[in-house]
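Student: Could you take me through a few features of a protein model, one at a time, and show me how each is read?

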Amino acid sequence: MLVTYIALLPEVVLLFGILLMALVRIFRAENTPKTFLTLAKWTILPTIALTAVFYDRDVGAVWSNNDYTTLFKIVIYLFALGWGTLSLKRFQNRENSSFSFYFLLLLNLLGFSLMLSARSLPALAAAAVCCQLLNYPLLKTDAEEEALPQFRRYLVWTLLFCLLLAGGVWKLCAYADSTSYADVSRFLAEQTVVSWQLRLAFVMIMVFFLFALGVAPFHFWFADVLSGAILPVGGYLTIVPVLAYFSVFVNLIANVLAPLYGWFVPVMLIFGVLSVFIGAIGANSEDNLRRIFAYAGLYYVGVLLIASADMHGQSLVAALVYLLVYILAFFGIYTVFAGCRSKGEYLHYLNEVRGLSTQRPFLAATLLILMISLIGTPPLLGFLGKLSVINALVAGGSYGLMAVVAFSMLILVYAYLKIITVIYFEPRNISFDRVDKGVYTYIALNLLLIAVTVVNPKYLMHDAEIMLTAILQAKNVAAF
């Protein structure tokens, strides 16, 4: 029995770190913001190591690990660790406790890990619901009073979509008379005629994940909560959950819902097209930097949906490569945001970063490079991600969707040009604070990764695709 469950050691370490952090908060009087970062760091690092060790072990009938889950768990942990480290300075500058942020971050990572490894629909639903509900106290961390009403609205919508997920899972399990992925998938494959009840259960589950990803028309919460949250929370919600929910979404369809998915492909394409248009147009309507990039993120998630809609191996490889490129770029952008401060306050609006290049040229140049990369300009990293998507769309004969993605990008480019104009061609009206060394370190690492792929693009276009293709083939992902 112990041998069976020893593969849960990464999750046990996360749980132990969570409990230890709570005990330190309760029983230790002298805690600094760095105390809880240190605890989080030394929880995540051994979790990464143990995840790599137990990459192919089953854990009873409820959880299972394979190459796919291991890859995305490690990537999620690394991005969470990196952003958590960058976030420390905000709590130190304000002399506020960092307990809530790092405690909830570890809880979220535990939930994401259990979601990815789940082989039981109720286990998946329970972890997903917990992760979504944890966003509410996370958003409230050090938030201003005026932002609380929009967080409460988010909570109401979250509860509604969590109920949809629970209802869909319950209905599906009741019809299949089982909760395991394998049994439910087998039951669905045996259905010669798919009833409307099964389709309804499928839609209820799909809608939850589309809401969690912030896909249009379920995007209404994302920009609002990001603009009201503190920077550590906003950056975390922009970077980590997208990785987690998209990888779980693909995993769930491949392992369970594939027999029901074929008719849903046009719906996914509609959601994708809506997202790229609304994201591009929304970015141009804002002057709040975080809201601009929240809408830009909606565009990129829309491209993910368009690229992966048919769930074919080649299209999924393109989508996953694009996802990694997009997340890396947004990590760099939020790192720049962490360096943009004046009188100890993080800057939110375009008019606050006027003339950034005159005093902080490295930050301005980094933001410029990352935006050019996100546009898909060769030979930068974003071009390689976009090329993967274009190759997949061409292979599928989806020329109309290519035109939609390209036209929407032209609209989004105008929003990026506004930012470039402000930071390079308008006079500075405030003095920017000194930038922390950690910000420069992470920016340098980000730019180094871009430089490596520019010099030798085979790492992304060949090696990464071979690895992802092997993983997806092992999962028997096929066209519908």
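Student: Where is the place of P217?

Tutor: Keeping in mind that this is a predicted model, you will find P217 in the loop between α9, residues 196-213, and α10. The peptide bond that joins A216 and P217 is cis, with an omega of about 5°.

Student: And which phi does D177 have?

Tutor: D177 has a positive phi, about 55°, although D177 is not a glycine. This residue also sits in a loop, namely the one between α7, residues 148-176, and α8.

Student: How are two packed helices described?

Tutor: Two packed helices are described by the angle between their axes and by the distance between those axes. Take helix α8, residues 181-189, and helix α11, residues 231-261, whose axes cross at roughly 20° and come within 7 Å. Angles under 35 degrees count as roughly parallel, and therefore α8 is roughly parallel to α11. As for handedness, α8 passes α11 in a left-handed crossing.

Student: Which residues in α8 and α11 meet?

Tutor: From α8 come Y181, V184, S185, L188 and A189, and they meet L252, N255, V256, L257, P259 and L260 in α11. Sorted by class, this contact has nine nonpolar and two polar residues, and no charged ones.

Student: At what angle do α12 and α18 pack?

Tutor: Helix α12, residues 265-284, packs against helix α18, residues 399-425, at an angle of about 20°, and their axes are 7 Å apart. That angle is why α12 is described as roughly parallel to α18, and α12 passes α18 in a left-handed crossing. Among the residues of α12 in this contact are L269, V273, F277 and N284, while those of α18 include L401, F407, Y414 and K418. By class, the contact of α12 with α18 has 14 nonpolar, three polar and one charged residues.

Student: How much space lies in the second largest pocket, and how many residues line that pocket?

Tutor: The second largest pocket holds about 340 Å³ of space. It is lined by 17 residues, and those that lie nearest its centre are E144, S227, G228, A229 and H348. If you trace the lining of this pocket back to the helices and strands, α4 (67-94), α10 (222-228) and β4 (345-346) each supply at least two residues.

Student: How do the residues of that lining divide by class?

Tutor: The lining of the second largest pocket divides into six nonpolar, four polar and seven charged residues.

Notes:
Residues numbered from 1 in each chain as written. Predicted model: local features only at pLDDT ≥ 70, side-chain atom pairs only at ≥ 80, totals over all residues. Heavy atoms only, no water. Axes fitted to C-alpha atoms, helices over the stretch in contact; angles between N-to-C directions. Helix = DSSP H or I, 4+ residues; strand = E, 2+ residues; numbered from the N terminus. Parallel < 35°, antiparallel > 145°, perpendicular 65-115°, else oblique. Left-handed = near helix turned anticlockwise from the far one by under 90°. Contact = heavy atoms within 4.5 Å. Nonpolar A, V, L, I, M, F, W, Y, C, P; charged D, E, K, R; others polar. 1 Å grid on protein atoms, 1.4 Å probe; cavity = no way out; pocket = protein on both sides within 12 Å on 5 of 7 lines; lining within 4 Å. Points joined across faces, edges and corners; volume = space filled by probe spheres on them.
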